Amino acid sequence: MKIIMLGAPGAGKGTQAKMIAAKYNIPHISTGDIFRANIKNGTELGKKAKTYMDAGQLVPDSLTVDLLMDRISKEDCAGGYVLDGFPRTIPQAECLEEALKSRNEAVDYAINVEVPDSNIVKRMGGRRACVTCGATYHIVHIPPKTEGICDKCGSELILRDDDKPETVEKRLKVYHDQTKPLIDFYSEKGVLKEVDGTQDMKAVFEDIVKILGA
Ligand code: AP5
Ligand code: MG
């Protein structure tokens, strides 16, 4: 099962993708998490990606596409995967399409988690992310057991640099300009599914399971 998560920054793509990965036993692949791991490890890729991410802009396709193609060619992806944060532009979607076509494969579901912009800025200020394992929390909706500490691995939780309100506004603009056209792209392919992302996270997941099958 090859699944793509679509939606604005903060719509809950990562939250739902992790639940999908656990239930259907497929890898969760987040380009954002891969870039953040590279930033943390001080790699060349991380240094380059950080300048774009901190400004709320997209990392150029030249740094993103090969990285993702390499990841989905790994053995653990043979039975499918859930992509979170990729594709984010029409050229990225076309590259994915070509790569899959050469193997007689295609995207099975593109799930759009719909949340209005007005909800997004509020959510982002409350998000806390684990610097080590990438787990995400929300100080009100999904708090960790101990404030500031990851339940899963015990590392420190941080407010992402790009979650400051002024950067969130920029990310939303980039989303509308460059990523939202993917909704029509996947609708035309007949694989688009919509879920209401303003519900609580369990209700959103129930809707996704209805789409994917139990
Ligand atoms: P990325 O890490 O992908 O960020 P994003 O798309 O902006 O999305 P977020 O991770 O911010 O939100 P999310 O939808 O995953 O929401 P979450 O589940 O955390 O990318 C970061 C940057 O990397 C980009 O800006 C770009 O620069 C670069 N990048 C990455 N991929 C790229 C690509 N392919 N091409 C180019 N550049 C790329 O939820 C948000 C908060 O809400 C959390 O606190 C969560 O706990 C809470 N929450 C979740 N669901 C609910 C709910 N139902 N009700 C209430 N609260 C909820
Ligand atoms: Mg995310």
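Gln92 is buried, at 3% relative accessibility. This residue belongs to helix H5. The model is predicted.

- Beyond its neighbours within four places in sequence, Gln92 touches Asp61, Thr64, Val65, Phe86 and Pro87.
- Two of these contacts, Phe86 and Pro87, are joined by a cis peptide bond, with omega near -5°.
- Most peptide bonds are trans.
- Pro87 sits in the loop that runs between strand S3 (81-84) and H5.
- Gln92 counts as buried because its 3% relative accessibility falls under the 20% cut-off.

**Helix H5 against helix H8**

- Two packed helices are described by the angle between their axes and the distance between the axes.
- On the H5 side, the residues in contact are Ile90, Ala93, Glu94, Leu96 and Glu97.
- On the H8 side, they are Pro181, Leu182, Phe185 and Tyr186.
- By class, this contact holds 7 nonpolar and 2 charged residues, with no polar ones.

**Aromatic rings and lysines**

- A pair of aromatic rings is described by the distance of the centres and the angle of the planes.
- Phe185 and Tyr186 are both buried.
- Both residues also take part in the contact of H8 with H5.
- Lys189 lies over the face of Phe185, at 4.9 Å from the ring centre.
- Elsewhere, Lys23 lies over the face of Tyr24, at 5.7 Å from the ring centre.

**Ile183 in helix H8**

- Ile183 is also placed in H8.
- Its relative accessible area is 12%, so Ile183 is buried.
- Leaving out neighbours within four places in sequence, Ile183 contacts Leu6, Asn112, Tyr175, Leu192 and Glu194.
- Ile183 and Lys145 are 38 residues apart along the chain, and their C-alpha atoms are separated by 37 Å.

- Most residues other than glycine have a negative phi.
- Asn25 lies in the loop between helix H1 (13-24) and strand S2 (28-30).
- At 69% relative accessibility, Asn25 is exposed.
- The loop holding Asn104 runs between H5 and strand S4 (109-114).
- With a relative accessible area of 76%, Asn104 is exposed.

**Points to locate in the structure**

- Which residues of H8 meet H5? They are Pro181, Leu182, Phe185 and Tyr186.
- Is Gln92 buried or exposed? Gln92 is buried.
- Which lysine lies over the face of Phe185? That residue is Lys189.

Conventions. Residues numbered from 1 in each chain as written. Chains lettered and ligands numbered in written order. Predicted model: local features only at pLDDT ≥ 70, side-chain atom pairs only at ≥ 80, totals over all residues. Heavy atoms only, no water. Buried < 20%, exposed > 50% of the residue type's maximum accessible area, 1.4 Å probe, protein only. Lys NZ or Arg CZ within 6 Å of the ring centre and 35° of its normal. Contact = heavy atoms within 4.5 Å. Helix = DSSP H or I, 4+ residues; strand = E, 2+ residues; numbered from the N terminus. Nonpolar A, V, L, I, M, F, W, Y, C, P; charged D, E, K, R; others polar.
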